[in-house]
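Colleague: Could you take me through this structure step by step, as someone who has not seen it before?

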Amino acid sequence: MKGILTILFFIPLLCTGAVLQKLTIVSKDNQVAAQVLQEEVKRRTGLVWPITARAPENGRAIIFQTISCAPESYHIHTTGRTIVVEASGPRGLLYGAGYLLRMMEYQQNAVTLPDDLKADAIPEKAIRGHQIGYRNLANSYDGWTPEQYEQYIRDLAIFGANSIEAIPFMPASPHFTVSSNEMTRRISGYCKKYELDFSVWTPATFDLKDTMKRHHFLMQFDTLFHDAARLNAVFFPGGDPGNNPPQLVLPLLEELAVPLKRYHPAAAIWLSLQGYDSTECAFVYSYISEHKPAWLGGIVVGPSSPSLEDTRAALAPPYKIRHYPDITHTVRCDYPVVWWDPAFAFTLGREPVNPQPLYYANICRFIAPYMDGFISYSDGAHDDVNKMLWSMLGWNSQADVRDMMLQYARYFFPSVPAELAADGILALEKNWEGAIADNGGITATLTLWQQLERTHTALSGNWRWQMCLLRAYYDAYTRARAIKEAALETEVNSTLLVHDGNEINRAEKILQQADKKVMPQWRDRIIALCDNLYKSVSLQTSVTRYKATGPERGAVLDFLDRPLNNRWWLEDKFRYIRTLPPAEQRKALDTLGRWENPRPGSYYDDIGNVSKSPHVVRSEDLHTDPLMRRSDTPGFDWWESGYSRKRLSWMVSLRWPSAMRYDHLDTAAHYLVRITGYGESLLRANGVLLKPSLYNKGTGEIKEFPVPAEITKNGTLLLTWDNIDEEHLNWRQHSRVTEVWLIKL
């Protein structure tokens, strides 16, 4: 792929720059860029800069003018008391205005800019967009008014986005402010106003052999095409959702292209190969090669698609590749949080507030050579930082991450020192690194945000500010709970080994100590912030209180007090053990008490728990393997809507560890490997395939593998797993490992 040359000069904003109060905006050919600049400065400072067609003879001015240059590019230079923004057309001028707004420091009735402001910017990627679908599955968008949508589209453009994707034909949500069709029409109009491309995501979730449903599906588009003020693309996912083979999909799209071209001659249809196997992918590429469809814009690469590299190799020019990055989810997704502590996975879940600028910058830089651009997958406002970051990376994939966060902070938190707010956002990402109990930075991050909260009360109604505060409080509260509840379970385990007939009663009372909340003031603030966010941006953090579509849809409030130890599992075990004869009770209680602390010389690993997996070998990290293709990261199973009473370790798994290493073993001892997980487990010890003596395949059931004495005679043991091809199975049925013991016999 031929890249587009990118030249960007981002100049750090200095307090010694020019202070602007009275200023004239000069715009002859474009009112949108001038209007956006005027309105956003007024919103932040109270200043009203007039817009005129002629430059004033005296005083400061910002002049917008068109020149011959690359599409969408802009050029900014300072001449005396005048800042000149040049571009080839309205879209480039808007991006120039956006850059000015991101570089300004705002005070009441004043703006500060560098004395000698200069920028020459050409976008690296031709497609830079975000899917912000008004649908019932979103955790916030479905409660937005048209005015909120317009402002958000404007904000995305200010950070460099040029494409907005909507989701039409949606069933009603209890939060809808207008109908789905009306909001789609409005979003199309906003895209026309701001000179942005507009596309729609339109899956077929029915069998395309059903002619009546197929006809109804196609008929919906006629109204959409007619009403859309602008439409540049239709994206049809091959799967996720949908389960139709390309032999049925391609004729449908060919038929759909006729009315599309009638209303929007320059528009194209894009297809993803999500869920297609190698034979189906080959059929698509053969069809493209043979028919060379003029209606096809290119291939979208998203979750469950062939890789960007494979798609680039298979797709012939002139068709383009658009990435569909999932920047909205933390687990059970394309880009999960790497080695996330289970305490977060069980509470924050799949759609929390998730600023991850360093992580996504690494991903974007790695995949940039293979794509012509992107339109991200987003299910709500919670990933706002990620959207603005990707928008800027679409201009320059090598842009400095902290500098991008400074721009974010200056624009969205205008009264706060940008360095503090930017570092606060970066610190939120650091909260999720490593074992939660060992990460003392989590409390320090909350302290920073509390200081900002006290000193910048004017931002209390700003939803982006509220989201940062929510994460800071939630992370710290979860850490405090995790530490306390781990200590309680340790105490319970010791209690169960004291056989006096009262072990269970004592253990239950210890577990009940978690009912007394740690840091109740933090908990109260979390509840208040969730309520504020529902009012400000319709963020639905609870199924019962705010009518979130489901527990996985950002309902973090519902899991605020979910046990972070095995309390529920232990309580169920205690009820069962009470029905056993006394001798069996003692044996069962010993098993529970020694579960994670086997006899001396033995070892236990909770395989997917970063806090409890000291023997798991992690071969690479995000610096060399940003997509985690060669280094697995734990998965978190979602049973019973997140309220499963199973042992927590059984919900955290690896497909199989890269390896497990044990040193300083007793060279004269015999050892046994014990495993829980699901499905198959082809285990090797120092390269030797082990034969199981016990081989149960259900969740939480035991497998055991005796280790021949000659294997450990040098005191070192390396456990590895042979891979098993299970691609014919749904991922939920794939084999996995949850716990491993090395038992000294």
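Colleague: At the start of α7, which residue has a side-chain oxygen that reaches the backbone nitrogen of Thr279?

Modeller: This is a predicted model, in which local features need pLDDT of at least 70, side-chain atom pairs count only at pLDDT 80 or more, and totals for chains, interfaces and linings use all residues. Residues are numbered from 1 along each chain as its sequence is written, and side-chain values use heavy atoms, with hydrogens and water left out. At the start of α7, the oxygen comes to within 3.1 Å of that nitrogen, and it belongs to the side chain of Asp277.

Colleague: Which residues of α7 are buried?

Modeller: Buried means under 20% relative accessible area and exposed over 50%, with a 1.4 Å probe and protein chains only. On the face of α7 turned away from its buried side lie the exposed residues Ser278, Thr279 and Glu290. The buried residues of α7 are Cys281, Val284, Tyr285, Tyr287 and Ile288.

Colleague: Why do the buried residues of α7 line one face of the helix?

Modeller: The directions considered run from the helix axis to the C-beta atoms. Seen down the axis of α7, the buried residues line one face because they fall within an arc of 155 degrees.

Key: Helix = DSSP H or I, 4+ residues; strand = E, 2+ residues; numbered from the N terminus. Polar contact = N/O pair within 3.5 Å; in protein donor to acceptor, adjacent residues only side chain to side chain.
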